[in-house]
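Here is a short report on one model. It starts with charged contacts and then moves to helices, surface and annotation.

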Amino acid sequence: AFYLGSTITDWLFFNSWWLLLPFIMLLVVAAFIVAFVLLLYMISPLISPKPLKLNGAHVVVTGGSSGIGKSIAMECYRQGAFITLVARDESKLVQAKKEVEKCAINDKQCQEKLGPVDMLVNCAGTSYSGKFEEVEMERFRSLMEVNYLGSVYPTRAVITTMKERRMGRILFVSSQAGQIGLFGYTAYSPSKFALRGLAEALQMEMKPYNIYVTVAYPPDTDTPGLAEENRTKPLETRLISETSGVTQPEQVAKILVKDAVQGNFNSSVGPDGYMLSALTCGMSPVTSITEGLQQIVTMGLFRTIALFYLGSFDSIVRRCMIQREQAKATDKRE
């Protein structure tokens with residue numbers, strides 16, 4: 001009886017050990033993960049780029065005569081930078097120069113020679129919305145030339161000197177339409193998506209030279225460009241755009257300048273922008289371990305939320321189509 005009882009006890013101990021083994025392994029793995037995260041969090045400041053000091057820096061802003069570009073120029077000027085504005089409309093450019101100079105923090109900003117470019121802001125661009133089959137082929141070409149090549153040319157002009165000096169910042173202003181393709185943006189979105197590919201490849205080339213690239217995805221912003229776009233915007237596009245509202249250019253400029261100075265690759269505005277950047281990060285560079293961990297942790301939740309957004313957008317498109325067909329049927333009966 002003693003032998004049988006001892007055997008049963010040993011059997012129970014042996015099997016209980018195997019039952020507890022998965023939990024023990026889970027605790028060990030969790031402990032390693034926590035330790036690893038803490039280690040990464042502590043060393044992340046060591047691998048993050050050193051912020052660029054704008055006071056005394058030379059900042060070139062293309063598309064700087066209005067909208068986000070002008071607001072970025074004014075924000076940089078407030079922080080002591082020397083500004084060069086580039087734009088196509090001379091009268092608007094002169095007016096923008098006067099507005100920017102009002103933000104000076106000292107007299108030298110208007111007097112000293114500018115020297116090499118420390119930060120380039122590629123903000124020149126235009127927008128257009130319309131149904132794919134109704135957009136002229138010339139529009140596809142012109143949007144790509146202005147929005148994409150209009151950023152390539154200035155970047156080519158400054159990149160060699162930046163590499164020689166082993167420093168610099170390059171900011172590409174894309175759009176949330178450069179993260180997600182929406183109804184009405186078949187011509188516009190590709191020209192903004194292209195900036196992401198350019199920025200990723202360029203960042204890999206420039207990182208050894210201490211040059212950091214930022215690509216910004218502002219939402220609909222209260223600018224003359226948005227007012228012009230609204231003139232041709234299809235109903236579906238307008239209804240989808242209204243779900244996120246309109247942001248002021250001054251608010252956008254503060255965030256974009258901060259991210260560019262810090263050397264962050266992604267720059268987004270508001271909760272929707274943060275979610276989109278996390279969802280579409282893919283193989284894009286990160287400038288801090290914290291940013292990478294945040295993307296990993298939030299990906300599943302944000303994808304779930306995004307599915308509801310996409311369902312809502314599809315519903316808007318279907319409703320507009322049904323309303324249009326009903327209106328056509330009514331016209332025929334009359």
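## Salt bridges

Glu75, Arg78 and Lys254 are linked in a network of salt bridges. A salt bridge here is a side-chain nitrogen of Lys or Arg within 4 Å of a carboxyl oxygen of Asp or Glu. By this rule the count comes to 10. The model is predicted: local features need pLDDT of at least 70, side-chain atom pairs count only at pLDDT 80 or more, and totals for chains, interfaces and linings use all residues. Residues are numbered from 1 along each chain as its sequence is written, and side-chain values use heavy atoms, with hydrogens and water left out.

Helices (H or I, at least four residues) and strands (E, at least two) are DSSP runs, numbered from the N terminus. Buried means under 20% relative accessible area, exposed means over 50%, and partly exposed lies in between (1.4 Å probe, protein chains only). Glu75 is buried at 9% relative accessibility. Arg78 is partly exposed at 41%.

## Two further pairs

Asp118 forms a salt bridge with Arg165, with closest N and O atoms 3.0 Å apart. Asp118 lies in the loop between α3 (90-101) and β3 (119-122) and Arg165 in helix α4 (residues 137-165), so the pair ties together parts that are 47 residues apart in sequence. Asp118 is buried at 8% relative accessibility. Arg165 is partly exposed at 32%.

Glu228 forms a salt bridge with Arg231, and the closest N and O atoms are 3.1 Å apart. Glu228 is partly exposed at 45% relative accessible area, whereas Arg231 is exposed at 65%.

## Helix α2

Helix α2 covers residues 67-78. The expected span of a helix is 1.5 Å times one less than its number of residues.

α2 is mostly covered, with 11 of its 12 residues buried. Among them are Lys70, Glu75 and Tyr77. Just after α2, Gly80 takes a positive phi of about 95 degrees.

Helix α10 (residues 289-333) has 45 residues. Its first and last C-alpha atoms are 64 Å apart, close to the expected 66 Å. α10 bends by about 50 degrees at Met299. The bend is the angle between axes fitted to the seven residues ending there and the seven starting there. Buried residues of α10 include Glu291, Phe302, Phe313 and Cys320.

Met206 is in helix α5 (residues 188-206). Met206 is buried at 3% relative accessible area. Met206 and Met162 are 44 residues apart in sequence and 9.2 Å apart in space, C-alpha to C-alpha.

## Surface patch and annotation

Ile24, Val28 and Phe32 form a nonpolar surface patch with about 280 Å² of accessible area together. Patches are made of residues with over 30% relative accessible area and no salt bridge; like charges are joined within 9 Å, nonpolar side chains (Val, Leu, Ile, Met, Phe, Trp, Tyr) within 5 Å. Areas come from the Shrake-Rupley method with a 1.4 Å probe; for residues, only the protein chains shown count as cover. Phe32 is found in helix α1 (residues 2-47). Phe32 counts as exposed at 60% relative accessibility.

An unreviewed UniProt entry annotates residues 20-43 and 170-188 as "transmembrane region". UniProt positions follow the numbering used here, feature names are shortened, and annotations may be inferred rather than shown by experiment. Over residues 170-188 the chain is 5% helix and 21% strand, with end C-alpha atoms 22 Å apart.
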